[in-house]
Every structure is written in C-alpha cells, then in structure tokens.
Amino acid sequence: MKIKLISLITGVVLNAIIFSSWAGTATNAEENTQAVNTDNNVTTSSSIIDIAGYQVPVVAGGLYDRYRSNPPLHVIQSEAPNVDLSWFKQLRKTKVDIGFESYSPNFYYKNSKVTAVFTADIDRLRELMPSEVLEQVQPLQIWPGRGLVAFTAYAYHYCDNDSYNEIALSIITNEPGSSNLGPLTLVGQSMSKDFWGYVLKLPVDTELARVRGIVGYNLPKWLTRINLSENDQTVTYEIYDSKTGKVDVTFEAQKLEDLSMDAALVTNSFTNINAKGQLTTGYAVSRQLSYGSNSDNDSVNLKLNDGELSQYIKSLKLGDMVKYEYVPEFQSALYAPELLTQN
C-alpha cells in the first residue's frame with residue numbers, strides 16, 4: 001500500500017530532479033592534440049582550452065570550441081535541421097561570471113534520460129547534507145524514516161557543450177524557506193511543476209563537463225567512463241569506477257510504449273554551497289517532447305558492485321522503486337546559479 005500511495009502522490013514528480021550539464025566559457029584554443037575513442041577505435045581531433053586555470057580538452061571544431069556556449073541558432077539549424085528550435089528562439093542568453101565567463105542559459109537541443117525514484121533512509125540523507133543547506137531545505141519524509149532519492153541517467157546528444165553522458169543521484173527536498181510537509185509538499189511541487197533537490201553525486205564522461213560543474217556550479221562531478229547502449233526493449237548505462245577501471249554500477253531501464261507527445265515544461269531547482277561558502281540555487285527548465293512513466297519495479301534494474309559509487313548508494317539503504325520515467329526526447333535550458341536570498 002505504501003508504494004501505491006507514493007506512486008499516486010508523486011504524479012509527475014520526476015522530470016529530472018537533477019540539474020545536469022553545465023556550460024562554461026574559455027579563451028581561444030591554445031593547443032591541438034589527438035584523442036582516441038577506445039570504444040570504436042576512432043581518432044578525433046581535440047583542442048586544449050583554458051577554463052579557470054584548468055587545461056581542458058574539447059572536440060576540435062565542435063560547438064564549444066567554436067562558440068563557447070553561445071552558438072547562433074542559425075548554426076544549430078544548419079547542423080541539425082531536424083531539431084525543433086522554436087522554444088529556444090523565445091529565450092535570451094546573457095553573459096555571466098561563474099568563476100569563468102559563460103552564458104546563461106545554456107542550451108541542450110537533443111537529449112534523452114531515464115529516472116528511477118527510490119525510498120531511502122532519511123537519517124542517512126540528512127547526514128549527507130551540509131548543515132547550512134539543512135537550515136533551508138530538508139529531505140521530504142514520505143513515511144517515518146524514509147525519504148526519496150532520484151537516480152537519473154542522461155545522454156546529451158547535441159548541446160552547446162558538445163555531447164556527453166551524465167549520472168545524477170540526488171535527494172528530493174522542499175523549496176528553501178517553504179514548509180516541509182512530506183507527501184503534501186511533493187503534491188504541491190507536482191502541481192506547480194517546480195521540483196527541488198540536493199545533488200549528491202554527478203559523474204560525467206568528459207573533462208569539459210567535469211570542470212564546468214566544479215568551478216561554475218560547485219557540483220560533485222568527477223570524470224569516469226560511462227557506456228550507453230540500447231536495444232528494442234531497454235536502455236543500459238554502465239558507470240565505471242574511476243580508480244579500478246571496472247564497471248561499478250549498471251542501470252538498465254525499459255523503453256516504455258504509449259508515450260505522451262504533448263510538450264511539457266518543467267522547472268527543476270537545486271540548493272548548494274559555492275566556493276565562498278555561500279548558499280546558492282540554480283535551476284533548469286526542461287521541455288519534454290516524448291515521455292512516459294510507471295511504478296513497476298520490473299521496469300528498472302540497478303546493479304551495484306564494489307566500487308566507490310556502489311558503496312555510497314548502498315549506504316542510502318534504498319527501498320523499492322516508487323516511480324520510473326522514460327524520456328527519450330527532451331530539450332533544456334540551464335541557468336547559472338544565484339545567491340540564495342534567505343528570509
């Protein structure tokens with residue numbers, strides 16, 4: 001009965017509690033190198049650019065190399081004529097300083113994701129959140145002793161910052177300064193389509209994504225190998241342990257049928273601490289173009305091994321999955337973080 005209740009009250013609570021891909025700007029390329037894709041033995045040319053003192057390889061001639069997160073939409077239309085850009089034409093970018101010069105929002109034109117929400121030990125979730133953040137937001141307690149965590153796997157196929165994969169693990173929380181009424185707060189967020197969370201882990205598979213996230217957004221990113229594969233029935237992400245080089249976490253998710261094709265806008269916000277110890281919030285607006293969900297535990301298979309990420313997830317004492325979302329097509333605009341105004 002508890003699982004059915006949570007499935008009902010969450011409604012559309014997913015839509016990626018997590019806030020992924022972060023953009024950055026940099027100086028002109030200083031050095032050309034060669035990078036080898038070990039999965040298919042294809043050699044691609046790379047440029048080395050400077051981001052806040054980090055020497056970062058990017059795809060030579062890629063969107064980031066050419067435009068530093070600010071490509072003209074006519075370039076996108078020319079390179080990806082099948083992508084609908086109507087939503088992005090309504091948005092305006094502004095130059096911002098987030099430890100390096102960047103543009104906000106950053107555009108993600110063609111992406112996909114799968115998300116599973118699990119119950120977790122709420123005391124452990126509170127332990128993992130800084131005290132300063134806990135003064136403003138807390139994990140939503142769904143029933144005594146249990147909170148919620150979202151595990152989201154992203155594939156950014158075409159965006160301002162080239163393409164990459166990302167895995168997000170985060171706690172579902174209330175909005176800063178608002179009441180935390182557990183299931184009722186969850187219902188309120190669902191009705192307003194404004195969801196809040198605290199990011200715990202965020203591995204990525206490009207150095208560009210890692211550096212931008214750490215410097216610009218103070219997010220817990222690290223670089224590791226992430227393999228994405230799919231067949232007619234499933235999508236599978238393999239997350240490797242960065243120390244051992246072995247597969248640590250495997251997330252297999254079903255492709256759902258009877259998907260909704262009605263475009264839906266959802267805001268996803270997070271709270272964290274910047275390099276100066278100040279509380280900040282950031283948010284993403286996503287335009288979901290194709291999506292479906294269920295609460296069937298058989299829809300996902302999260303396999304944990306013995307690496308650092310697996311051990312971390314095990315410490316959360318996950319319970320049953322209460323919600324699954326399959327989103328094979330979405331677009332997103334990611335905004336730079338701002339200082340949290342405390343009431």
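Lys221 counts as buried because its relative accessibility is 5%, where buried means under 20% relative accessible area, exposed over 50% and partly exposed in between (1.4 Å probe, protein chains only). Lys221 lies in strand S10 (residues 221-223). Helices (H or I, at least four residues) and strands (E, at least two) are DSSP runs, numbered from the N terminus. Between the C-alpha atoms of Lys221 and Ala209 the distance is 8.2 Å, with 12 residues separating the two in sequence.

The model is predicted: local features need pLDDT of at least 70, side-chain atom pairs count only at pLDDT 80 or more, and totals for chains, interfaces and linings use all residues. Residues are numbered from 1 along each chain as its sequence is written, and side-chain values use heavy atoms, with hydrogens and water left out.

**Chain**

The chain has 8 helices and 17 strands. Of its 343 residues, 54% count as buried. Among contacts (heavy atoms within 4.5 Å) between residues at least 6 apart in sequence, 70% join residues at least 24 apart.

**Strand S6 and its partners**

Strand S6 (residues 106-121) is largely enclosed by the rest of the structure, because 15 of its 16 residues are buried. Two strands pair if DSSP finds at least two bridges between them. S6 runs antiparallel to S17, joined by 10 bridges, and Ala116 has Tyr324 in S17 as its bridge partner. With strand S7 (residues 146-159), S6 pairs in the antiparallel sense over 13 bridges; here Thr115 stands opposite Thr152. A cis peptide bond, with omega about 0°, joins Ser104 and Pro105. Pro105 is placed in the loop between strand S5 (101-104) and S6.

**The four-stranded sheet**

An open sheet of 4 strands has the order S11-S12-S13-S16, with antiparallel pairing. Strand S11 (226-230) and strand S16 (300-304) are the edge strands, each pairing on one side only. From one strand to the next the twist averages 10°; axes are lines fitted to C-alpha atoms, for helices over the stretch in contact, and angles run from 0 to 180 degrees between N-to-C directions. Strand S13 (residues 247-254) pairs with S16 over 5 bridges, and Phe251 stands opposite Leu302 in S16. Helix H8 (residues 308-315) packs on the sheet and touches strand S12 (234-240), S13 and S16; the direction of H8 makes about 65° with that of S13.

Most residues other than glycine have a negative phi, and most peptide bonds are trans.

**Second largest pocket**

Asn218 also belongs to the lining of the second largest pocket, where 16 residues take part and Ile98, Gly99, Gly216, Asn218 and Asn274 lie nearest the centre. Helix H7 (207-217) and strand S17 (321-339) are the elements that give two or more residues to this lining. On a 1 Å grid over the protein atoms alone, a pocket is an open set of points where a 1.4 Å probe fits, with protein on both sides within 12 Å along at least five of seven lines; lining residues have an atom within 4 Å of a point. The pocket volume is about 290 Å³, taken as the space filled by probe spheres set on the points. By class the lining has 6 nonpolar, 7 polar and 3 charged residues. Ala, Val, Leu, Ile, Met, Phe, Trp, Tyr, Cys and Pro count as nonpolar, Asp, Glu, Lys and Arg as charged, and the others, Gly among them, as polar.
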